[in-house]
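Reader: I have the sequence and the model open side by side. Please take me through the ligand surroundings, a helix pair and the domains.

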Amino acid sequence: MATNQNQTFSTKLITWHKRHGRHDLPWQQTQDAYRVWLSEIMLQQTQVATVIAYYRRFLARFPTLPDLAAAPVEEVMGLWSGLGYYARARNLHRCTQVVMDRYDGRFPQDPDIIAELPGIGRSTANAIAVFCFGARQPILDGNVKRVLCRTHGITGFPGAPATEKALWALAETLLPRRDAASYIQAQMDLGAMICTRNKPACLSAESNCPLSDICVANAENRVTELPQAKPRKSLPHRESRVLLLHQGDRVLLERRPPSGIWGGLLSLPEIAAGVNPAVHAAQALGCDISRFHALPPLRHNFTHFRLTLLPLSGAVSLLPRAAEAAGHSWLKREDIDAAGLPTPVRKILKAFFGR
Ligand code: SF4
């Protein structure tokens, strides 16, 4: 696209955004880098409608970055529970420690330095620098990638390194000289409201897309083809046997290791294939259980594999000897909603306790 066309692209977006964009999201009323950063991390892979409640809850509990830095990571994981992609919450907490240690509790302003903080990539760093410090930088989140692939007819899976490189180069050339913050917000909003993944406005009878007359995909009837999907490969499948040991209205949980799947969250104790559950319960958890019942399996898809959880329930009659050893704790039925549990484990517990 020549310079004039680039200007047309940004001008159309900014003009559209003034009248039709979103201006009242909770994180748009501030230039506080802590708040903007928190919203940007939550919005990765999560819809705005879901994020709003979590964002408000986080700020009510942790109004400032030092508050979040001072909290135990378990409490942060508990508040994050249900948002998924838990590495984000662990990195969130780590990031606050680094900002406290290296930058005296204040976010650095240079986007290259922001991008070195835990859990912050180039696009998020640029968004923080644009919205909070007046920088002039492009962003490339999922919405923007989709819009650029369609408007400029970019082929190739947007997550592939070569395509991503081409998209960054394009995003740089499209950046207007002024009003970068409005332009960036306009791109995000257009992707979320008009040029959506499954129902782009131009495919409806009354298209209200401000870019329809300059959009390559629209002109060439390739809207449903772009952006190109990730090349498919079948996901590996794993099974995991877990113990649901209960006593009255309490259930025994163990804390997962800090890294890996569900890192740092509370989960049901896992037993390796081939291990007798009664032996494991007695030796590792101090619970004597003579009879187990198989509960319905629960399937869950991660981005890189599919998991089937196979729960076995067992009633603990006597107070266990070692169940509260390192990493294990009893959770009351009434605390299931508030605890930092992976969503599939919460589902199993709710089904078990009949809620
Ligand atoms: S014309 Fe269609 S594909 Fe092109 S930007 Fe608008 S909604 Fe997206």
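Reader: Which element gives the largest share of the shell around the ligand?

Author: This is a predicted model. The elements that give two or more residues to the shell are α9 and α12 (216-219). The largest share, 3 residues, comes from α9.

Reader: Which residues come nearest to the ligand?

Author: The shell has 11 nonpolar, 3 polar and 1 charged residues. Of the 15 residues around the ligand, the nearest are Cys195, Cys202, Cys209, Cys215 and Asn218.

Reader: Is α9 roughly parallel or roughly perpendicular to α11?

Author: Helix α9 (residues 142-151) packs with helix α11 (residues 180-193), their axes 8 Å apart, at an angle of about 80°. Angles of 65 to 115 degrees count as roughly perpendicular. Therefore α9 is, relative to α11, roughly perpendicular.

Reader: Which residues of α11 make the contact with α9?

Author: By class, this contact has 5 nonpolar, 3 polar and 1 charged residues. On the α9 side are Asn143, Val144, Arg146 and Val147. On the α11 side are Gln187, Met188, Leu190, Gly191 and Ala192.

Reader: Which helix gives the most to the side of domain 1 that touches domain 2?

Author: The protein is divided into domain 1 (3-219) and domain 2 (237-352), with C-alpha centres 37 Å apart. In the contact, 8 residues of domain 1 meet 9 residues of domain 2. The domain 1 side divides into 3 nonpolar, 3 polar and 2 charged residues. With 4 residues, the helix that gives the most to that side is α5 (residues 73-80).

Definitions and conventions
Residues are numbered from 1 along each chain as its sequence is written. This is a predicted model: local features need pLDDT of at least 70, side-chain atom pairs count only at pLDDT 80 or more; totals for chains, interfaces and linings use all residues. Axes are lines fitted to C-alpha atoms, for helices over the stretch in contact, and angles run from 0 to 180 degrees between N-to-C directions. Angles under 35 degrees count as roughly parallel, over 145 as roughly antiparallel, 65 to 115 as roughly perpendicular and the rest as oblique. Two residues are in contact if their C-beta atoms, placed from the backbone, lie within 7 Å. Ala, Val, Leu, Ile, Met, Phe, Trp, Tyr, Cys and Pro count as nonpolar, Asp, Glu, Lys and Arg as charged, and the others, Gly among them, as polar. A residue is near a molecule or strand if its C-beta atom, placed from the backbone, lies within 6 Å of it. Domain bounds come from an automatic or database domain assignment.
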